[in-house]
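Visitor: Please take me through one part of this model closely: the places where its chains meet. Keep it brisk.

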Amino acid sequence: MELVNIILQGVLVGGLYALFAAGLSLIFGVMRLVNIAHGDLIVLAAYIAMEVIKLTSLPPLAALVFVVPLMAAFGYALQRGILNRTLGGDLLPPLLVSFGLSVILQNGLLAIFTADSRKLDAGVLETASVSAGGLSIGLLPALMFATAVAVIAALQFMFYKTALGRAFRATSDDAEIAELMGLDRRRVYAWAMALCLGVVAIAGVFLAIRSNFDPFMGPGRLIFGFEAVIIGGLGNLWGTLAGGVILGVAQGLGAAIDPGWQILAGHVAFLLILAVKPRGLFPRMDG
Amino acid sequence: MTQFTLSRSSVASRVAGGVALILLAGLVAAPWWASSSFLHLAGEFAVYLALATLWNLLAGYTGLVSVGQQAYVGLGGYITFSLALFLGVHPVLAIPLAGLVAALVAVPVAALVFRLAGAYFAIGSWVMAEVFRLIAAQATALGGGSGISLPASVTKALGGKWLREASIFWLALALGAGCLALVYGLLRSRIGLALTAIRDSEVASTSLGIRIGRVKHALYILVAALTAMIGALISLQKLRVSPDAAFSVNDWTAFVIFIVVIGGIGTIEGPILGTIVYFLLREFLADFGTLYLLFLGTLAIVVMLAAPKGLWGYAAERFGWSLFPVGYRITFKD
Amino acid sequence: MSDGLAVENLESFYGDFKALHGVSLKVQPGSVLALIGANGAGKSTLLKSICGLVSPKAGRITWRGRDITGLGGAQTVALGIAMVPEGRRLFKSLSVEENLILGGQIGRPGPWGLARLYDLFPILQEKRHQPATSLSGGQQQMVAIGRALMSNPDLVLFDELSLGLAPIVIKDIYAQLPKITGQGMSAILVEQDVTRALGACQQFLCLAEGRVSLSGAPRDHSRDAISAAYFGT
């Protein structure tokens, strides 16, 4: 029973990891960009939520009403202003610019908010739980997982059933010819990044409710998201959810053996899958 | 029929070569004429120059952008301390041994990490560094999460204060100059030609028979070994290892990347210029703490967008400068 | 002539290579211009310069009296110039129908729409939900043509229409060409098969090494003259 509980908790936290990863997956699919600052943007969202709550006294999840559009707008501006200039074939510029961005975000947040650990208080949501069949299912983890599923379902729908998704797919396939259809790739990429940071906002708020956060948590979140994407397979959002779940379960099992093993166990699971199935479990595209 | 001559060097590069030799001679004698703090600073300079030159070899020439070289810096430190503490190996001897161990470790690491490409390779290398760090934090014999200091008995093996400082300095100088010379020699050789070909077009170079995979693997392992030796030296200089310090992304990767990007990626002179700029900036801005890193990050972005080849790359293109020529010069006789 | 396409002294590059050295041509409204020449003569670069995928270094392109030199692909399609690219270049993540719909996204009014296209190429209706690149070469060419037509262009650029297609397929497509270019639409046709090209056009232009070596109406020039111009002798 204890084992089942551990696995269940791992599955649910996998939802959070999938939220971390969904944006990464989307951006890579559309413009082959891996944003090293992705994790730091999740942390940025957490801090923005914190400030919004200070100003409005809204409960954390309600603050999303403000944080999502703010982050989306920031994403649009970031892509159009800086990241678009790095795209164009060469690997180094987007990687190094996003690396610089990561350093700026971490130290900017440090300068403004200090290194103090923060947390958002979601009140009863954090401790409430439901009992089912001898298992205790926390309301917050269940909500995180449900949100991940909903977000991924929404992204899938957008991608395959809307004009915007069509624009994303076409630009990703052949940006040059997409231009002949009236699709300006600069704007398409900017919309993709706006969408990505909207998802990042949701991930950031959940992160901030679930645990403490500080300016330097970014790289850790990036790595979890990245591992979920690779385990699940490139180009497959549902695969990313599976990847997150596997990561969460591995970490849970590791923690059960020894608390210091938690994150390491996740890395080991990632490396094992990388060794045995380099393209991930359910790949749909090549890197 | 136009006549032309083929040469590998120019007047500027020959002058630079002469200047470098004089500089090197002066530095070798430094323990006798310089202060402790100068030796310390110069040693640090050599260490960063070496790390930057090696990272540049991987990223600028082999196309392997690693954000995880700190794995080997830390590994070098931990191997050295392990050898000294548990096997009684003399610390200085531990340095090349650490390089050897790192080369062996790099083989399976490369096998895993090379399954990823491009930016995913970068993050994958970062994950590996995290794995090393987490394992080190679990090693209670080496102090676990807080790390361990080199005991006095081992420190004595390095000699009295003057000899210890001089030795560390000479080793740093040797590693710095050695890495520079090695990379220069490598790039002037056929391997260097192969690398440039790969950089220009992987498809074309494969069709010419260049075994790209083999070349990349070999270079990755070589750089791992040398980076570990540098890490070994760093740990001896600090007389301490701890997981967070030894495997620090900021200290051993972020700064190195900034040095190479600002100095000029894909050139040999770039890391030299970059290290100089970095130390100058540090002199004037380090008091400002976080603002310093903010500035570095912004500068790196601006350079990458405006002058992607860095300060040296821009100058080299504009003025045709080259101090470490790796190509050939054709001079037409008019 | 303010109603068609006029290109004056165009100089364009293909990467670092100068592909066009001062090319001039005119396309009257409603007529087909065949663009012939050996590989590397600059035909594709010329088409790409016209539709905006390549920015010319010198010279001028005028379309219906308006200077369109250097305008991007998104703008030229809004002005009525569509391209059927060399090698089809369909969007592989999109179905046949999605490729076609995307072609019409620019929203120009006109006679062409899904219904009319499916009339012209019935096989596409049958396969409309399949991934575009899962179709045969000839069918993909139909999709590429359809995608261009969906933008209701007034000038269509066909880049290597028959490349990689079986002869019977080529015959079919050319049989449909008058249906496509009828009703006042102009076209520039780049075609390896010189005989077919000359048979489908009112005017032709021959490029050799980035320069115009011969131009005019097919019936006014002998095969020998055209051959010589083609090979640059």
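Guide: Start with the term. Two residues are in contact if their C-beta atoms, placed from the backbone, lie within 7 Å. This is a predicted model, in which local features need pLDDT of at least 70 and side-chain atom pairs count only at pLDDT 80 or more, while totals for chains, interfaces and linings use all residues. Residues are numbered from 1 along each chain as its sequence is written, and chains are lettered from A and ligands numbered from 1 in the order in which they are written.

Take chains A and B. Their contact draws on 31 residues of chain A and 32 residues of chain B. On the chain A side, the elements giving two or more residues are α4 (92-113), α10 (218-232) and α12 (262-276). Helices here are DSSP runs (H or I, at least four residues), numbered from the N terminus. α4(A) gives the most to that side, with 14 residues. By class, the chain A side has 24 nonpolar, six polar and one charged residues. Nonpolar covers Ala, Val, Leu, Ile, Met, Phe, Trp, Tyr, Cys and Pro; charged covers Asp, Glu, Lys and Arg; the others, Gly among them, are polar.

Now chains C and A. Here 19 residues of chain C touch 14 residues of chain A. On the chain C side, α2 (73-78) and α3 (96-103) of chain C are the elements that give two or more residues. α2(C) gives the most, with four residues. That side of chain C divides into eleven nonpolar, five polar and three charged residues.

Last, the overall pattern. Two pairs of chains are in contact, and chains A and B share the most contacts. Chains B and C do not touch. Their nearest C-alpha atoms are 14 Å apart.
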